[in-house]
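Work through the exercises below with the sequence and the 3D structure at hand. Each task is followed by a worked solution.

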Amino acid sequence: MNGLEAFQARLSEAAAWRVRLTEAGLRSSPEFESWLRDGDNQAAWNQVARAWNYFDDVAQAPEIVAAREAALRDANRAASRLGRPVLIRRLTGLIAAALVVCALGGGAYWWADRPDDYRTLAGERRVVTLADGSKLSLDADSEVTVRYGKNERFLRLLKGQARFDVAHDKTRPFAVIAGRQKVIATGTAFNIDMAGPKVLVTLIEGHVVVLDEYGENTTAPVQPKIIELRAGQQLSAAPSGSAEIVPANIQRVTAWTIGQLMFDDEPLSSVVDRVNRYGGTQIIIADPRVGAMKISGVFNAGDVLGFVEIVTHYLPVRAVSDDPHTIALESQAKKDGAM
């Protein structure tokens with residue numbers, strides 16, 4: 001089976017899932033979610049979903065209404081001849097086949113400019129193989145849109161953090177917009193983090209150019225500033241427009257891809273913000289003095305109780321929990337003062 005045949009087979013599976021879920025009145029199922037974890041299946045599902053949305057959006061067009069009425073007349077005639085169960089199976093197969101045809105090209109004029117959307121929930125990570133072989137790795141609570149054109153591969157990081165391993169194609173630059181920054185590459189690997197107060201662009205290998213498309217003026221585009229990064233460098237860009245290049249600890253920056261969080265002398269408040277993105281029990285800090293305490297260490301993403309145990313052991317803070325969903329970190333001095 002060649003590449004095209006394999007892709008068509010995945011499209012057929014995706015179309016069958018689309019029809020099956022709709023008939024059952026479901027948005028998802030455990031079996032479907034298991035099937036969707038495969039990156040190639042996710043790509044096929046996105047194609048079919050766009051085709052399905054296309055059918056839905058043009059449903060009221062006169063040509064579609066007339067075709068639907070004619071199909072219903074034919075279906076009623078066929079029902080008396082074939083019997084309803086056989087008819088339903090045939091119609092299901094026809095709908096799935098139509099979705100595959102539409103996903104492969106029919107109707108492409110309508111959704112050509114609509115990007116694919118990839119997102120993760122709190123505590124979830126995902127790796128997606130894109131159409132050109134590039135790999136997109138999403139951290140927890142992140143979202144990226146992808147639009148591939150003839151002359152450019154265009155992505156936008158809307159929130160969270162993602163790693164981009166770019167397939168080499170000098171004829172189609174790979175561009176990612178994150179906040180005010182536009183990162184342009186042809187074949188390389190880089191990480192973009194929007195989870196904190198600054199946009200952090202870290203070059204893992206290769207070469208990228210970063211454009212600040214608004215310069216120092218946040219209200220109107222001007223000639224963009226051009227910043228070149230080398231492997232091991234990180235661009236730290238603030239919302240105000242100020243930016244600096246600093247050496248990057250690649251192991252620390254990419255630790256999230258293997259389910260770890262690494263911190264080096266960082267304020268507890270920012271560390272807790274990062275820990276909370278991985279779901280589960282949420283940590284609360286009300287006292288700014290506690291939030292300003294510095295901490296270093298390596299933690300397992302999602303292990304809130306383990307994190308709290310280490311923090312309360314090494315820092316002068318205690319954990320207080322009035323409900324199963326939150327843990328408050330308070331200064332031990334507060335407890336001592338109350339005695």
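Helices (H or I, at least four residues) and strands (E, at least two) are DSSP runs, numbered from the N terminus. The model is predicted: local features need pLDDT of at least 70, side-chain atom pairs count only at pLDDT 80 or more, and totals for chains, interfaces and linings use all residues. Residues are numbered from 1 along each chain as its sequence is written, and side-chain values use heavy atoms, with hydrogens and water left out.

**Exercise 1.** Find the strand that holds Glu330, and state whether Glu330 is buried or exposed.

Step 1. Glu330 belongs to strand β19, residues 326–331.
Step 2. Buried means under 20% relative accessible area, exposed over 50%, partly exposed in between (1.4 Å probe, protein chains only).
Step 3. Glu330 has a relative accessible area of 18%, so this residue is buried.
Step 4. Contact means heavy atoms within 4.5 Å. Neighbours within four places in sequence aside, Glu330 contacts Val290, Pro316, Val317, Arg318 and Val320.

**Exercise 2.** Locate Arg18 and classify its accessibility.

Step 1. Helix α1, residues 3–24, contains Arg18.
Step 2. Arg18 counts as buried because its relative accessibility is 16%.
Step 3. From C-alpha to C-alpha, Arg18 is 9.7 Å from Phe32, and the two are 14 residues apart in sequence.

**Exercise 3.** Describe how strands β4 and β5 pair.

Step 1. Two strands pair if DSSP finds at least two bridges between them.
Step 2. Six bridges join β4 (residues 143–148) and β5 (residues 153–159) in the antiparallel sense.
Step 3. Val144 has Leu157 of β5 as its bridge partner.
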